[in-house]
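Me: I would like a close look at one part of this assembly, with the cut-offs stated as they come up. Please start from the part I ask about and then place it in its surroundings.

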Amino acid sequence: MTGRRGGGPPVATPIGRGVVRLGIVLLVSFAVLAAGAGYWQVVRSADLVGRPDDPLLIAAARNVVRGVIRDRDGHVLATSKKDANGEPYRVYPSRSVAPVVGYASRLYGTAGLERAYDAELTGIRPPDPIDELLAKFSANRYRPQDLTLSLSLDLQREAVRLLGANRGSVVMLDPRSGEVLAMASTPTYDASAIANPDTAKAAFASVSNDPDKPFLDRAVQGRYVPGSVFKIVTSIAALGSGAITPATRYARQPPAEKNGLLVSGYRVRDGHHPFTGSRQLAYAEAVEVSCNIYFALTGLETGGDALTSWAAKVGFGAPIPFDLPTVASQVTNGGGSYGGGFSDDVELANAAYGQGETLATPLQMALVAAAVANRGTLMKPHLVTRLSGADGATTIGPEVWRQVVSPDVAAEINAAMVRAVEGQEGRLFTAGAKVPGVPTAGKSGTAQLTGSAAPHSWFIGFAPANDPQIAIAVLVESGGSGTTRASPIAGRLMARYLASVGK
Amino acid sequence: MDPTIATIWLIRFLFLGLLYLFLFGVVRVLLRDLRSAAREPVTALGRLIVVASEIEEPSTGATFPLDAVATLGRDVNNTIVVDDPFASTEHAVLSFRGRAWYLEDLDSTNGTYLNGAPIDGLAAVAFGDEIQVGRVRFRLERAA
Amino acid sequence: MTTASAVRAGLRVGPIRPRFRRRELGLLVVVGLALVAGSVSLGATRAVLADGTLVLAPVDPFRLIVYLAALGCAHLAQVLAGRRTDQVLLPAVGLLGGIGLLLMERLPQGLAGSAFGNSLGLAGVQLLWLLIAITVITVLAIVVRSDTWLRRYKYTWAAVGIGLLLLTFVFGEEANGALLTVRIGPVSGQPTELLKVILVIFLAGYLSEFRPLLVEESTRLGPLRLPPLPYILPMLVMWAIAFGIVVIQRDLGAALLFFAVFLALAYVATARAGYVIVGLVLLVIGAIAAYQLFGHVRIRVDVWRDPFADPSGAGYQVVQALIAFARGGLLGTGLGAGLPAVGGRLPIPAIHTDFPLAALGEELGLIGVTAILGIYLVIIERGLRIAASAADDFRALLATGLALVVGVQAFIIAAGNLKLIPLTGITLPFISYGGSSLLANAVVVGLLLALSDRGVEPPPPPRRSHGRFDRLLRRSVA
């Protein structure tokens, strides 16, 4: 169809229509641009500002008086002083909290909670968007906030003292709320020396060069072979999935006590034969004497897929969401085709009693104990309970993270763990863990390492077993057997806490 | 609220506000343009009426509304098709320039005639003048 | 006949009469007030940051007065010349230029680089080029009365364009990873900027002349119906040029701009969406090939996809730009109060050329960015309106092309700043620092103004093509 239009031999459509369509395309394109700007300037604004490489933070950090960090009882963990030029610098009264609180130094940036809550402590990010808007109109637009932690300085100090010259970690939390009461990692370091501009360089150099790696927060960043404490995770998987019941017994188990259990050519060995003779053990007694063979067989019964997925419910396989950066604990290195990532049944059998390729952080194992203690409901762990500033306060309350197992299953595991601490044979493996006068539950672990190093000493537990108020995980690197170091430390710390709250 | 900071923010808002005032002003111009363009009906600038024709297309009495430029010739793509073997494919063009009509002969074989006289290249045409292309005579009239 | 010969000579008939341009005056007043407010806010912020005292004075009143005076003179010149040109373009461009000038005032003056630049400072050099640009716009708007020189010599224009391109290929010097600058003695410039104007002139002439062919005909390749040869040939040439620019000059932005403008003009000329689709397919093929073959393209695309993967290395610029936008929020931090310097250095490198939008985004907020995008839309709209009411195809296509050159360039760099497309090294028209860019965009706006004159003589009647080339083309596709 030809149109009659002036301006040359007529063609199908006038140019005008094309121009209008082009105009619409350009209008839409620019609208998309405006939307894009809106996305970065409004939608993503909160999480971009407050990144450690935001130069605003870096510039402001130099001159703002950071908020005070306190423990649950009000003891000051971090505060600021002014130097000769009137510029502020940080001071940390206690060395024991260094791995948790970290440091804020002009030269070396931030670490620990000082880093994780940098924006709040310097006040770059005020608590609420309206405030954010109004803050633009005031001369001091940065309102630093104070942090209140759930940490107990008293417990923290005691934990560090008890760990002594060993490298290790203690994590204590309240299973009902997820609040972390102690998170010790030794060796610690002097954060004040790093924050003080006069001594910063020397202190930082000496800490960095220390072969014991004080900067490593072992509680959340250290992965260790768990040994027998992992049997609680296997219990969760086996009982939770129904692969076994508390009455399950294995016919193969007693003969294997003498010569070891043969799994595809590998022998699983055990050490409690003198105590149990040729008795077939049921679940609770297997926990009490920490029977490797029982758990190896249970692991094979449960299967790799179930073990991995139930372990994931309690936090394995991914970093735990927490106020500080954490690393993921693992059940296996993965990549195998056996099921759940295991390479074969031998690895599964070994993992089931806490060897193989299992690796756990002390925080992870504390969460395992907390899950069992709180009737199978795992609460989200957190350190910071309150942010307060000139514009008001925000409280961070308990939050349910997952329902790991049913309360019935949790009760079964609970009972078994009580036997492990208080039973006739059990107490031989967990000497010192019992809190006098209080029913205590727990599990010790002796994690064998390759090579000639002494095994890691582990203990996880909670008290009182009938109404748990505190869950704990203790790890002493190369501390020997579980009884040697970890169990007594745990017992004393639990006792101290319960005494302080009047139990 | 600190008075110094508040004053500075006032000026900043003034700046941003004036930017939007500019945009608003432009939009008003735009809308006014659109409205006036919409109000003007699409009227032709003039008409060509066939006074005498010895062929079928166009026939006597036919009226053609004219735009600014109209081509005449035998080819079907012309604005006004003169289907006459005595007309060239592209014979002439009639255009409205500024305030007057102009007729230009496009090197046609038989020439274009204005009021009976052949034109040489470009010639001015007034309302009422007669144009001859091939064996068809047109008259230029005002728009109806 | 005297009138006839005058018309043939292409000159305007009648005496020159000064005309009032009320709308332009009104808009310019608003622009002036806005720039004064902006300047005062910048000056006050500076004073408060320096010593806490409130001083309500513009930063560098001299430059501001010179700039506003230049705009006023341009307005006056058009009034006296009595041309009925568009009354919105000059104020819009003036506003953008003023915002750019304010931005250059705000940034550290040492960014200018060359010895000449250091003596005047960043803002001084920008002001100089702005004055030259305003002059160019005014001269073009007043003096250009006929478009014959543009439409008739299109192949000459094409040759000049290719020549410029080859010049940059051979003599180009590197700046920010792209081979864009050519230095002749003390003067350095970017010929590619002018190239885009020349390209539009050529395309407008070519497409308007071959429009009927392009719309009606198509080439047969076996059972397929492809666009006709007069379309395919230049499209492939354009594609090759674009690819060449990417390869040799390493300038992704210019290549994208050229090809996009070509496709858009082709669509407007023919209204056949099929042509655009074929072109887009070629573009995608070229993009994928470039990604696979060239490291510098790969880096840009990878950084675009996830700049946070390497926030202190390759992704640093983009990450810092996004953080700057985030710091701005809805209202911005205020001119002069953003862009925290760490160790005396600004957070975003090359901020005055590549990331002016990020700086403005931080200091003027989302509200300011939207306003600036709006001003670009205004310029585009005026250009398209001039195209829609143009007297013939050539003028319509020329106006469309010119509007596109400004609009699409602004889009590409703004989208790159906002991580919507990979970052390219082209400039934000009228706001970025750089003489070549200002000059080229001034030519664009000047030509648009010339085209918008409603009283100019109508276009010449459509010429019957006598050329052998055209006859050949017609025969080949008939």
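How many residues does the contact take from chain C, and how many from chain A?

Reply: The model is predicted, and for that reason local features need pLDDT of at least 70 and side-chain atom pairs count only at pLDDT 80 or more, while totals for chains, interfaces and linings use all residues. Residues are numbered from 1 along each chain as its sequence is written, and chains are lettered from A and ligands numbered from 1 in the order in which they are written.

The contact takes 45 residues from chain C and 36 residues from chain A, where two residues are in contact if their C-beta atoms, placed from the backbone, lie within 7 Å. On the side of chain C that touches chain A, at least two residues each come from helix 9 (211–216), helix 11 (252–270), helix 14 (316–328), helix 15 (356–388) and helix 16 (393–417) of chain C. Helix 15 of chain C gives the largest share of that side, 13 residues. By residue class, the side of chain C that touches chain A has 32 nonpolar, eight polar and five charged residues. Here Ala, Val, Leu, Ile, Met, Phe, Trp, Tyr, Cys and Pro count as nonpolar, Asp, Glu, Lys and Arg as charged, and the others, Gly among them, as polar. Helices (H or I, at least four residues) and strands (E, at least two) are DSSP runs, numbered from the N terminus.

Two of these helices also pack on each other. The axes of helix 14 of chain C and helix 15 of chain C come within 7 Å and cross at roughly 15°. Helix 14 of chain C is therefore roughly parallel to helix 15 of chain C. Helix 14 of chain C passes helix 15 of chain C in a left-handed crossing. To this contact helix 14 of chain C brings Ala321(C), Ala324(C), Phe325(C), Arg327(C) and Gly328(C), and helix 15 of chain C brings Ala358(C), Ala359(C), Gly361(C), Glu362(C), Glu363(C) and Gly365(C). The residues of this helix–helix contact divide into five nonpolar, three polar and three charged. As to the terms, axes are lines fitted to C-alpha atoms, for helices over the stretch in contact, and angles run from 0 to 180 degrees between N-to-C directions. Angles under 35 degrees count as roughly parallel, over 145 as roughly antiparallel, 65 to 115 as roughly perpendicular and the rest as oblique. A crossing is left-handed if the near helix is turned anticlockwise from the far one by less than a right angle, and right-handed if clockwise.

A residue is buried if 20 or more other C-beta atoms lie within 10 Å of its own, exposed if 12 or fewer, and partly exposed in between, with C-beta atoms placed from the backbone. The secondary structure of chain A comes to 22 helices and 17 strands. Among contacts in chain A with a separation of 6 or more, 68% join residues 24 or more positions apart.

In helix 12 (residues 231–241) of chain A, 10 of the 11 residues are buried, including Ile232(A), Val233(A), Ile236(A) and Leu239(A). Gly242(A) follows helix 12 of chain A with a positive phi near 85°. Helix 16 (residues 292–302) of chain A has nine of its 11 residues buried, among them Ile293(A), Tyr294(A), Phe295(A) and Thr302(A). Just after helix 16 of chain A, Gly303(A) has a positive phi of about 90°.

Strand 1 (residues 69–70) and strand 2 (residues 76–82) of chain A pair in the antiparallel sense over two bridges; two strands pair if DSSP finds at least two bridges between them. Arg70(A) is opposite Val76(A) in strand 2 of chain A. Five residues lie between strand 1 and strand 2 of chain A in their hairpin, and Gly74(A) in the turn has a positive phi of about 95°. Strand 2 of chain A is joined by four bridges to strand 3 (residues 88–91) of chain A, and the two run antiparallel. Lys82(A) stands opposite Pro88(A) in strand 3 of chain A. The hairpin of strand 2 and strand 3 of chain A has five residues between the strands, with Gly86(A) at a positive phi near 80°.
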